[in-house]
Amino acid sequence: MRRTWCLWAILACPVLARAQSVEVTLDPPTITLEDTATLTVILEGSFDDVRGPEMPDLQVVGRSSGTSVTVINGRMSQQQRIVLRIAPQRTGQLTIGPVQLVQRGRVIAESRRLTLRVLPRGSPLPASPPSPAPPAPGNGTPEAAPEEPQADPPRDVGGRSPGREIGRPAFLWVRTLDRPVYLGEPIPVEYLLYVRSDWPLSALSMDSNPSLRGFVAEQAQTDPQQVRRERPGNGPTYDVRTLWKGAVTPLQAGRVVLDPMRVTLTVGDLFSRRRVPIASDPVTLTVLPVPKEGRPADWVEGLVGTFGLRARVDRQALQVGESALLTVEVTGSGNLAALKPPDLRLPDRVRVSRVPSQDLDERVVDQAGVSGRRTFQFLLAPREPGEVEIPRIDLAFFNPVTGKFERARTDPIRLQVTGSGDRPDAVARSHEPRLILVDRFPESPAQDLPVAPSSGIPWGLLGFPVALWVGLEGWAWRRRSLQRDPRAAVRRAALRTALRGLAEARRADLPPAAFWAALETLLRDFLRARLDLPPGLSPTEVARSLAERGVRPPLAAAVQQELEACAFGRFAPSAVQDGDRQAALVRVEQALRELDAARPDRAGGPR
Amino acid sequence: MRVAPLFLLLGLAASTTARAGTLEDRFREGVDALRTGRPEEAAGVFRELATRYGLDAPEVLLDLAVAEFEAGRPGPAIAALHRVIRRDPRGPLAETARINLSRARALLSEEAGKGPKAFVFSPYTDAWTLLAGWISPRIALGIFVGLWWAFLLGLAAFRWPGSGAWRRFLAGPVVALGIACLLAGGLAWASDRVSRYTVGVIIGSRTALLPDPAALEPTLVLPEGLEVRVLEVRGGLARVRLSSGGEGYVPEQSIEIP
C-alpha cells in the first residue's frame, strides 16, 4: 500500500462513459532532490478498479482530486483527475509505473511508464522545454473527451456513497471517509443535495446548517448554484449540488456524530408549487486516539497527516556579517496547523533569528481535507569564519493511512563562511559599469566638508527688527504716559532722588544742624512727591495723613519719630552724637523704601 | 655639513613627486580594473586611495561607488555616492553622483521586484520631506526673513503717526504678509528639520529589523542598499525609520551613515 498509491479509494462515483482511458503526466520531468514534482492522473470511462502506479523511490506528500462531467451530443462522460505531489527519495532516474484500469479482473487500459530524473541537491536544472505534448493515452482510449469548462471542478474523495437513497426524487447525502479516523486528523466532509434531473426544482432554502459540535470545522468555498450530474448505481440521473464542504477535525475520541442538515425544496411551477423539507441522516464517525505505542518523544500532539520536509538555503557561501536565509518547508495533507517551527540545533557562533513567513504558507481546504504548505524561515548570521553545518531536521508525524508514526527529515546543509574580505559570490557582470565612471584624477587631493553657516545670523536678522520695534514702541508709550500724567514721573523718581540725597548726606561732612535740616527736607520732599502730602505739616499731622492714605500705623509712627528727631537735631545739635546720624540715615532709608513699596500710585492706594 | 639640508630637501621633493605619480597610477589601475570587469580589484584600489592615502576626493569616492556596485555591494556604493554629494553639493561630480544614485536605485528596485517581498529603493521619504524636502533650508530661511522684514515694515507703516488716511489700503497687504510670513516660517522650520535628518544606508546583505533591542524575531528583513533615517545609535544598535513608516533596530555595523 505504501508503494502503490491506490487510486480506487478516491473514486466513489460510478463512471458513466463507455470508453476507458488513463493518462498520466509528469511535471517537471527533471527536478533536484530538494524539489517536488506533480503527477497528474486522468481517468475516463467505466471500470471496477485502478492499480498503480508503482513508485518505489518516491513519496506522496500531497494529493487532490476532482471530477468533471461532459455531455457531448447527448452522450455523458465523466473524468476523474487525481493530482499527486511527489518527492524523490534518491537521485537518478526514478521510474513511475503504469496506472491500470481493471474491469471484471481484466486490465482494460494502461498508461505508459514515466521516468523522473532527479539531480543532486543544488544542481542547476535544464532550461524548460516548450510545453510537451501530452503522452499517448493508454490502450483502449479512442478519443480524449474535451473537458467541460468549470471554474472549480468538484472533487471526489471516495468513502461512503449513496445506496438505499437511490431512486428517491431528492435526498441529502453526507460524504465523508468510510473508515475510522484519528483524533486530530482533519477529514473531508461534504453535504450534497441530490435532486433527480427530471424533478422540477424551482427554489432551495437552507433551514439549518450542521452545528458540528465536537469538531473544529473549516469550511471551503461552495457554490450551491453549481450543478453537476451523477448517475449513482446506474439509477436515475441526479443533479448534485454541494451545500457545505470543508474539513472537520474531531476533538475527542469515541463515537461522534455529524449533525444533519435540513433544507426545504420548492418544486413545481407557478400553479402547482409545493415545499418539500428534507434532512440528511446523522453520520456517526469512530474517532480513535493516536496510539501510544511507538510514539516518538518529539512528536507534537495533534500532528496527524502525511508530510514531506524540505530545507534549503539561498546561499551556501557567505562572509561574516552577512546572513543566509534558511527555508524549511513542510508540505502535505493533514493537521498543518499543529506544526511548530523546527528546533535548529546550531552552534553558538551562528545567530539565528526567525523571519515572519506566514505569507508563504498555502492552505487548501476542500473535500479532500486540508493540504498545503507551511514555511518557516530563519536568518543565519555566522559570527566567525569557518564551516557551519545545519544538522538534519526531523519531523515526526502520525500517518492515519498506515496507522503508524513516520518521520520526514532533511539532509544536513553546510555553509562556507569566509572572513570579511572578498565576497565569494560576487557576480561577474558585463565589463562596462552600469554607473557613470570618472577617469579624471582629482586635482586637489582632499577637500574639507563645507562649513555650515553660523545659525546666529538668521536669528539676528529675525530678532533685530523685533527688538527695534519693541524698543520704539516702549519709548513711545513712555512718552505718551508722561504727557498724560506729569506727576507720575515725579512719583516714580521720588525714591531715586531721596536715596541720592541720602548718599550725598552720608558722604558730605555737613555740620550737625545742616545735616538734620537736609535729612528733614529730604524726607518731606519724598512724602510730598510720593504721597502728595502738603508742606508745613507737623510730625503728628504727617503721621495722621499717612494713616489716612493707608500706610501701616507702625510705619507712620516711624516717619513721625524721624521727623521729630530731625527737628530735635536741628534745634539742639550739640545734644546729638555722630553715631545717631548714621543710625538715622539707615532708619530713614528703610522707611523710604517701605513707603515706596506701598506704591500709592497704583489703584487702591498703599497698603 | 652645509649640504645636508639641501640633500634632505631634494629627497623630500623626490619622494613627494614619486608619491603623487604612484597615486595617479593607482587611480588609473583602478579605472582600468573597473573597465575590464574586475570590480573587486577596483574597489580595493579606490578604497586604499581613500582610506590609506587620504585621497577621499569626489572623483575617487564616485569611482569607489561604481566599483562597489559592480562588485555586488550596493550598500557601500550608495553611501559613497551620498558622500560625493555632501562634499560639493553644487559641483559637477555631485550631479554625476545624483545620476548614479538614481540608476542604482532603479537597478535595485528592478532586482527586488522579482522577489516575493519587494522594496522600493528611493531616497528616504516621509511627510516632512514631501512638505519641505524640495527647498533648500537657506532659501526657505531667506524667504522667511524677507517676508518678516516686509511684514514688520508694513506694521510700522500701519502704526506710523499720521498714516490714518492710508490705513485702509495698508491693512489688507499687512495681513497677507503676516499669513505669508507664518507659512514661510513653517516651511523654513520644516526644511531645516529635514536637512538635519541623518540618513543611513543598509550595508548588510540581509539585515534583520528588530522591533525592540531585546527582540529575537525581526519584523522585516531589510535588503542591502535601502536608505533609512537613523534616529539614534546606542549600544551597538541603530534605531531607524523606513520610508514606509516602520521603525526598528538594526545592528550598528549593518548600517553606514555617509
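The secondary structure of chain A consists of six helices and 31 strands. The model is a predicted one. Chain A has 607 residues, and 32% of them count as buried. Contacts were also sorted by separation along the sequence. Among contacts in chain A with a separation of 6 or more, 75% join residues 24 or more positions apart.

Chain A also touches chain B. Here 35 residues of chain A are in contact with 45 residues of chain B. On the chain A side, strand β25 (350–355) and helix α1 (456–484) each supply at least two residues. Helix α1(A) gives the most to this side, with five residues. By residue class, the side of chain A that touches chain B holds 21 nonpolar, six polar and eight charged residues.

Two further helices of chain A pack against each other. Two packed helices are described by the angle between their axes and the distance between the axes. For α2 (residues 486–507) and α3 (residues 512–531) of chain A, the angle is about 170 degrees and the axes are 8 Å apart. Angles over 145 degrees count as roughly antiparallel, so α2(A) is roughly antiparallel to α3(A). From α2(A), the contact is made by A:Val490, A:Arg491, A:Ala494, A:Ala498, A:Gly501, A:Leu502 and A:Ala505. From α3(A), A:Phe515, A:Ala518, A:Leu519, A:Leu522, A:Phe526, A:Ala529 and A:Arg530 take part. The residues of this contact between α2(A) and α3(A) divide into eleven nonpolar, one polar and two charged.

Definitions and conventions. Residues numbered from 1 in each chain as written. Chains lettered and ligands numbered in written order. Predicted model: local features only at pLDDT ≥ 70, side-chain atom pairs only at ≥ 80, totals over all residues. Helix = DSSP H or I, 4+ residues; strand = E, 2+ residues; numbered from the N terminus. Buried ≥ 20, exposed ≤ 12 C-beta atoms within 10 Å, placed from the backbone. Contact = placed C-beta atoms within 7 Å. Nonpolar A, V, L, I, M, F, W, Y, C, P; charged D, E, K, R; others polar. Axes fitted to C-alpha atoms, helices over the stretch in contact; angles between N-to-C directions. Parallel < 35°, antiparallel > 145°, perpendicular 65-115°, else oblique.
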